[in-house]
Amino acid sequence: MTTSKLTKTLLSTLLLGAATGASAAAFQLAEVSTSGLGRAYAGEAAMADNASVVATNPALMSLFKQKEFSAGGVYVDSRIHMYGPVTATTASGLKLATGNANANSVVPGAFIPNMYFVSPLNDKFALGAGMNVNFGLKSEYSRDYDAGIFGGVTDLTTINLNLSGSYKITDNLTAGLGINGVYAKAEVERTAGIAITGVKNMLAVMGESNVKSRLSGAIRAKNPTVPQAVADALAQKTINNLKSLDKQDSLVHLKDNAWGFGWNAGLMYEFNQDNRLGLAYHSKIDIDFTDRNALSLQQHQGALTPYVAEGSLTLKLPAYWEFSGFHQLTDHWAVHYSYKYTEWNRFKELRGTYQDGSGYEAFAKKEEYKNNSRFAVGTTYNFSDALTLRAGLAYDQAASKQHLSASIPDTDRMWYSLGATYKFTPDLSVDVGFSHLRGKKKHFVETQNIKGLLVVEADYTTKASANLYGLNLNYRF
């Protein structure tokens, strides 16, 4: 096996466990460590509990006096439920079909892995490397879901590989810098659902000959030079293609693996050993996906037909900032806090386009996300030399405001977190953590006009919650 194939195999294996339900806004993930989970990720850019600082603020590596390794992960048990009716109508409003858009547990549970290593070189320099997941989502509806044109499968799994360094500028100020390579797998699939039921009912109610006549007229209105016989044949081909489809058939399918690259930086200022502030930044990353067999329904050569060709889609991941503080109030008690700001406004749409010169869109979904904030506060209690306890609260704003989606469920949410670290020896410890996330109930409507034939509309109400369970092992040497 070649090195490139081995690398891809290892990354693909990691991705199997990284398809997740987003626990922060949209499809952003916060679960970079178990110690952070136990305090609702309060103080992330200012705390150095273990080697996970590689993923949060590389400047914190200057606080390490020994090499340290940390590995583990967080299991996310998401409970996102969708409720409401779905209808298919003609453009004029004639109801053709009604269905059920209800779906339970549309985001399956998943494990989010992490692994980090920090090595201080001298009093000034430290190096670190890490693997974690910053973004990911998998929403999955049944193939015969009535609202399959909105649900289907939306799967983004990523692995972020990071190499970082830190430099102690003064006794109080340290800077850190890292480079990131993101290996991502994406899949978008939409099924016909009630749309095909609506088409078949249209043929039954209006009569196939009447529908054929209207389609033929539309073809000639668009291109008057088309002979009537040719227009009639194209209209009949459209009808035959639609009649051959079932609810579970795919109308859209794109899938690919790709790399994206970015950077991160951080600053840490220590007033003294008990009080410090941290500022961290992670850059935006664009990931370009290409599927040589992208599928969609197109008005191709005058007839509506499944169309397959090479298609591409660019995923614009946002940059984000985090400001944190840490204050050791007594020998036992410490408090910490964070404000995180994510620049989601660059995520305007998901748009897949064909690269064969046809000008067709393989997939288009308006998102229009807005920048969002996350606020967290927590406390740490050193119960003994061996046992440390943690707790935290956080409020996470949704990124989607106007265009809520069944494929990327998003809502404002509260975090309630508890955690602990137990040291078996001065150098060997284990972190455990638990968080309960409670999202706000949301109501929204999704509408899709299918090639001028009919309009599908789903009237959704969604409820979301999640339980997160973390476990990490840490070793110094």
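I began with Y183, which is buried at a relative accessible area of 4% (buried is under 20%, exposed over 50% and partly exposed in between, with a 1.4 Å probe and protein chains only). I noted that this is a predicted model, where local features need pLDDT of at least 70, side-chain atom pairs count only at pLDDT 80 or more, and totals for chains, interfaces and linings use all residues. Residues are numbered from 1 along each chain as its sequence is written, and side-chain values use heavy atoms, leaving out hydrogens and water.

Next I looked up aromatic pairs, taking rings of Phe, Tyr and Trp (its six-membered ring) with centres within 6.5 Å; planes under 30 degrees apart are stacked, over 60 edge-to-face and the rest tilted. By this rule I have 26 aromatic pairs. One of them joins Y183 and W259, a tilted pair at 5.2 Å centre to centre with 55 degrees between the planes. Y183 sits in strand β8 (residues 173-191) and W259 in strand β9 (residues 250-272), so the pair ties together parts that are 76 residues apart in sequence. Helices (H or I, at least four residues) and strands (E, at least two) are DSSP runs, numbered from the N terminus. W259 is partly exposed, at 36% relative accessibility.

**Other rings**

I also found one aromatic cluster made of F27, F135, Y320, W344, F347 and Y369. Then I checked for charges over rings (NZ of Lys or CZ of Arg within 6 Å of the ring centre and within 35 degrees of the ring normal). K340 lies over the face of Y320, 4.7 Å from the ring centre. R374 does likewise over W415, at 4.6 Å from the ring centre.

**The core**

Which residues have the most contacts inside the largest nonpolar core? I wrote down M82, A147, F150, L454, V456 and Y460, in a core of 41 residues. The term covers buried Ala, Val, Leu, Ile, Met, Phe, Trp, Tyr and Cys residues joined through side-chain atoms within 4.5 Å. The largest share, six residues, comes from α4. For F150, leaving aside neighbours within four places in sequence, I listed contacts (heavy atoms within 4.5 Å) that include R190, A406, E446, V456 and Y460.

The 13 residues of α4 should span 18 Å, and its end C-alpha atoms are 18 Å apart, which agrees. Its buried residues are I194, A195, I196, G198, V199, M202 and L203. They pack against β2, β3, α5, α6, β21 and β22. After α4 comes G207, with a positive phi near 90 degrees.

α5 passes the span check too: its 15 residues should span 21 Å, and its end C-alpha atoms are 21 Å apart. Here V211, L215, S216 and I219 are buried. They cover an arc of only 135 degrees around the axis, which puts them on the same side of α5; the arc is that of the directions from the helix axis to the C-beta atoms. On the other side, S209, R214 and A221 are exposed. The buried residues of α5 pack against α4 and α6.

**Positive phi in loops**

Y41 has a positive phi near 60 degrees, in the loop between α2 (34-37) and α3 (53-56). Y41 is buried, at 2% relative accessibility. E368 has a positive phi of about 50 degrees, in the loop between β16 (361-366) and β17 (372-382).

Technical notes:
The expected span of a helix is 1.5 Å times one less than its number of residues.
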